[in-house]
Amino acid sequence: MPTLRCDQTPSWKQLLAHAQQHAQMPALSALFEQDAQRFQRFSFTAPAVFADLSKQQITTPVLDSLLSLARECQLETKRDAMFRGDEINITEGRQVLHTALRGGANSPHYNEVQGVLTEMLAYAEQIRNQPQITDIVNIGIGGSDLGPRMAVQALEPFTQTDKRYHFVSNVDGFDLASILQKLRPQNTLFIIVSKTFTTQETLSNAHSAKAWFEASGGTGLADHFIGVTTNIEAASAFGIQRTFGFWDWVGGRYSVWSAVGLVLAMAIGAKSFRAFLHGARQMDEHFMQTPLEHNVPVLLGLVDIWNRVFLQRSSRCVAPYHQGLARFAAYLQQLEMESNGKGVDILGNAVAYPTSATVWGEAGTNGQHAFFQMLHQGTDIIPVDFIIAKEAIYPAATLPDQVVNQLKAQHQILLANALAQSRALMIGKTREQALAEFAGKPSTGIDALTLAKHRTFPGNRPSTTLLLQNLSPESLGALIALHEHRTFTCGAIWNLDSFDQWGVELGKTLAKDLLPRFKTGQTENLDASTAELLKRIS
Ligand code: F6P
């Protein structure tokens, strides 16, 4: 659709001007002192998620320009095109309709979606009621692993406890081997998940799992290996009889809502899986219907653009203060970096602005004892997303009351730490404060001023806090959909095809070329480094 590219819009120029004045902008703490309404002005409510953006380095003029940018880049028109089912993934000629997987009766492909959903949930319930199946192994990689793995971990308190759930993704045999040794063939169900059913890692692991099953005396292979794929023929060739399909209009990294979520449905059951879909659908409706000024995924995406492009922050840290979300940053890495890590726009023209930030992170409070040092005092300014849940829900329902009370007290420690970190990043500590801390105390062998310099925090470091009531199937669904739409917002403004991933192809092709050389030893047409390394390892 013809539209001005973001860097040619009037609001882009305004944002460049805002960014030039940024050095003169009062520090975040001063902005709060100057404006008693700052928190109210920059915090927003979406289904299941409250977003506090007031600790971001934004002002009303900056946000107004970002909103104009969204309008000038026709964000709403592009959003509607996605929901309607236009082929917005133009390099692959595909619709982008993961939203239809949780959509209502009017959404595209409704009957197909409901057909597979009903079938997969019935099967999930059947397996939940089969005591002889004690172990379920999901074999897949990328979108066929990261979403279900993250969600099963996040929803552990809602999970059936008489079964164990395992995930194998890496082609490194270390991954599969460590799991196989815990299994018995007759008690194990393998779910081979691959959209294409051609992915080297997944097929290698699936063949090895099959070999283990047969060598360990397993019988009735068809009852112990099932598939989730768009390529039913290839799954049958492997020997799989039961497959759950999905469609080329579901991108791998957007597929947890489809049959790719089968392992999650087995873990949490049909009712909770529907609640997970419902949470996402609520967020879809918010994204579709809420004016941009209050539209949380849009606002998060716009602040990402402000940080990435105009303030040149090249990375973003994701710090969920919830151990259940320990894999959330890994999940977001694929979602955001595979979607928006692109160097050409949708027309194939090189972009003249930065695109996806590097997304990384770790659950709090663990991160505090690792990389938070750099966040507070390092030379790069890295915006942080804190994710917190007001109420704790713990996996083990059978713990004694006294222990549960103790864990609830720990939850307050967790939340206090999350708030303390975002506050510390913002307020910092001046040299005078650092000096005063040591007034009158004996020297440590270093003079007080030098020590104070080490103990000074620059502060004025931005963060967002996303607050959930608790982490449940519904709120997790909303949280994931929020990030999908946040990613969409950035990609739409940058004018990218956020739904292809050509950047992963070259490495796959070169690996196929290198593999036979381990046997033949041939090094023709290789660069000297690769050739010499190959000689040392083959
Ligand atoms: O890493 C590239 C990729 O194509 C991802 O986009 C995808 O999620 C993953 O590989 C796995 O693909 P498949 O589900 O087809 O095995």
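Predicted model: local features only at pLDDT ≥ 70, side-chain atom pairs only at ≥ 80, totals over all residues.
Residues are numbered from 1 along each chain as its sequence is written, and side-chain values use heavy atoms, with hydrogens and water left out.

Let's begin with the whole protein. It contains 22 helices and 11 strands. Along the principal axes, its C-alpha atoms fill a box of roughly 75 × 60 × 60 Å. The radius of gyration, taken over C-alpha atoms, can be set against a globule rule of 2.2 Å times the number of residues to the power 0.38. For 538 residues a compact globule would come out near 24 Å, and the protein has 25 Å, which agrees.

How much of the protein is buried? Buried means under 20% relative accessible area, exposed means over 50%, and partly exposed is in between, using a 1.4 Å probe and protein chains only. By that rule, 53% of the 538 residues are buried. Now for contacts, meaning heavy atoms within 4.5 Å. Among contacts with a separation of 6 or more, 75% join residues 24 or more positions apart.

Next, please find helix 13, residues 296-310. The expected span of a helix is 1.5 Å times one less than its number of residues. Helix 13 has 15 residues and reaches 20 Å from its first C-alpha to its last, close to the expected 21 Å. Because 15 of its 15 residues are buried, helix 13 is largely enclosed by the rest of the structure. Just after helix 13 comes Q312, with a positive phi of about 55°.

Two loops hold residues other than glycine with positive phi. F197 has a phi near 55° and sits between strand 5 (188-193) and helix 9 (200-215). Is F197 buried or exposed? F197 is buried, at a relative accessible area of 4%. H109, with phi near 60°, lies between helix 5 (75-84) and helix 6 (110-128). H109 counts as partly exposed because its relative accessibility is 23%.

One last stop: where is there a cis peptide bond? A cis bond joins G364 and T365, with omega about 10°. T365 is in the loop between strand 9 (358-361) and helix 15 (372-377).

Conventions:
Helix = DSSP H or I, 4+ residues; strand = E, 2+ residues; numbered from the N terminus.
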